[in-house]
Amino acid sequence: LAEKGVEVMQSIGGTETAKIVEAVVGESSTKEESVDIAKPEEEPAEAEDFVVVESKAEVESDLVSNLPKGLQDILPSLSDDQRNLVTTLCNAPYNQTHLFASWDDANATKECKMTLIAQLEEMDATYPTGGLPGYIDNARILLEKSRRGENPLEGWRPEVPRGEAFEVGTDRWASVEKKGLPLLGKCGFVLVAGGLGERLGYGDIKIGLPTELVTETKYIQYYIETILAYQSRYAAPGTKLPLCIMTSGDTNAKTVALLKANSNFGMDADQITIVQQGQGVPALSDNNATIALDPDDPCKIL
């Protein structure tokens, strides 16, 4: 390479230029021969960050392993929705495994277990925002605010609502009633009958209470006969005024039986619609929103 460089420089710049180039190239070549060129040290490879991702099956297996054994044994008998519900309730952050703790007992029957599962499923469907997990989340927030003494009505000012007050027997009352009564022939009626009469010292459904003691006319009888009187006087010919009765799990069967035993107190069956409200929400036993079980029945939620 040096010789070629000298030849090139001779042709370009003459002999003197060639000598200088030869000297420089020679010196450079000598230096290159006498110096060991060390390879750059390789930087140690950085340790890679590994994220362990569990498969769906592994995650589900971990969740199931936290369930009480008695509940694990019955899982194959449950629907997908039921399995998801009980698994969610038993694991963090809900931690409701106590609901199934007695299932490890050999005396716990499958019928008892399925009764509790059905009750949980119905309650879950009843609560509109997130089912039972949403109910527990919301309850914990409210219970914590209550524990801290927070007033949920802070900033609100109570007021007496505006309205009309009529004194019975006055001309104003009579004139307004005259306008309103004919409209009853175009109305439907709703009776809320979901509660029992315990506060009144009565151990049955409240609509079965007598309105007075002479004839002992029951409340539901009085209510229906009043609707039939409105129907007869104000409704168009052939028009039946509808009655909707809302019942609960405590009152539904007894309400149906009372109507049936008395031929609906004169009202046609197609006029009456009975709507049973859901199971409602479970009672809670502490500030951590622990769902309360009936102490006398391990398969019933309070």
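Colleague: Are phenylalanine 100 and tryptophan 103 buried or exposed?

Modeller: This is a predicted model. In it, phenylalanine 100 is buried. Tryptophan 103 is buried too.

Colleague: How many aromatic pairs does the structure hold?

Modeller: It holds 4 aromatic pairs. Phenylalanine 100 and tryptophan 103 make an edge-to-face pair, because their planes stand at 80° and their ring centres are 4.9 Å apart.

Colleague: Which pair is stacked?

Modeller: Phenylalanine 189 and tyrosine 230 form a stacked pair. Their centres are 6.2 Å apart, with 20° between the planes. Planes under 30 degrees apart count as stacked.

Colleague: Where do phenylalanine 189 and tyrosine 230 sit in the chain?

Modeller: Phenylalanine 189 is in strand 1, residues 189-192. Tyrosine 230 is in helix 9, residues 219-234.

Colleague: Why does tyrosine 230 count as partly exposed?

Modeller: Its relative accessibility is 25%, and buried means under 20%. Phenylalanine 189, at 14% relative accessible area, is buried.

Colleague: Now pockets. What shows where empty space is left?

Modeller: Rolling a probe the size of a water molecule over the atoms shows it. Here, the largest pocket has about 370 Å³ of space. It is lined by 17 residues, and Gln119, Gly249, Asp250, Gln279 and Lys300 are the closest to its centre.

Colleague: Which elements each supply at least two residues of that lining?

Modeller: Helix 6 (110-126) and strand 5 (297-301) each do.

Colleague: What is the lining like by class?

Modeller: It has 8 polar, 5 nonpolar and 4 charged residues.

How values were computed: Residues are numbered from 1 along each chain as its sequence is written. This is a predicted model: local features need pLDDT of at least 70, side-chain atom pairs count only at pLDDT 80 or more; totals for chains, interfaces and linings use all residues. Side-chain values use heavy atoms; hydrogens and water are left out. On a 1 Å grid over the protein atoms alone, a cavity is a set of points where a 1.4 Å probe fits but cannot get out, and a pocket is an open set with protein on both sides within 12 Å along at least five of seven lines; lining residues have an atom within 4 Å of a point. Grid points are joined across faces, edges and corners, and a volume is the space filled by probe spheres set on the points. Helices (H or I, at least four residues) and strands (E, at least two) are DSSP runs, numbered from the N terminus. Ala, Val, Leu, Ile, Met, Phe, Trp, Tyr, Cys and Pro count as nonpolar, Asp, Glu, Lys and Arg as charged, and the others, Gly among them, as polar. Rings of Phe, Tyr and Trp (its six-membered ring) pair if their centres lie within 6.5 Å; planes under 30 degrees apart count as stacked, over 60 as edge-to-face and the rest as tilted. Buried means under 20% relative accessible area, exposed over 50%, partly exposed in between (1.4 Å probe, protein chains only).
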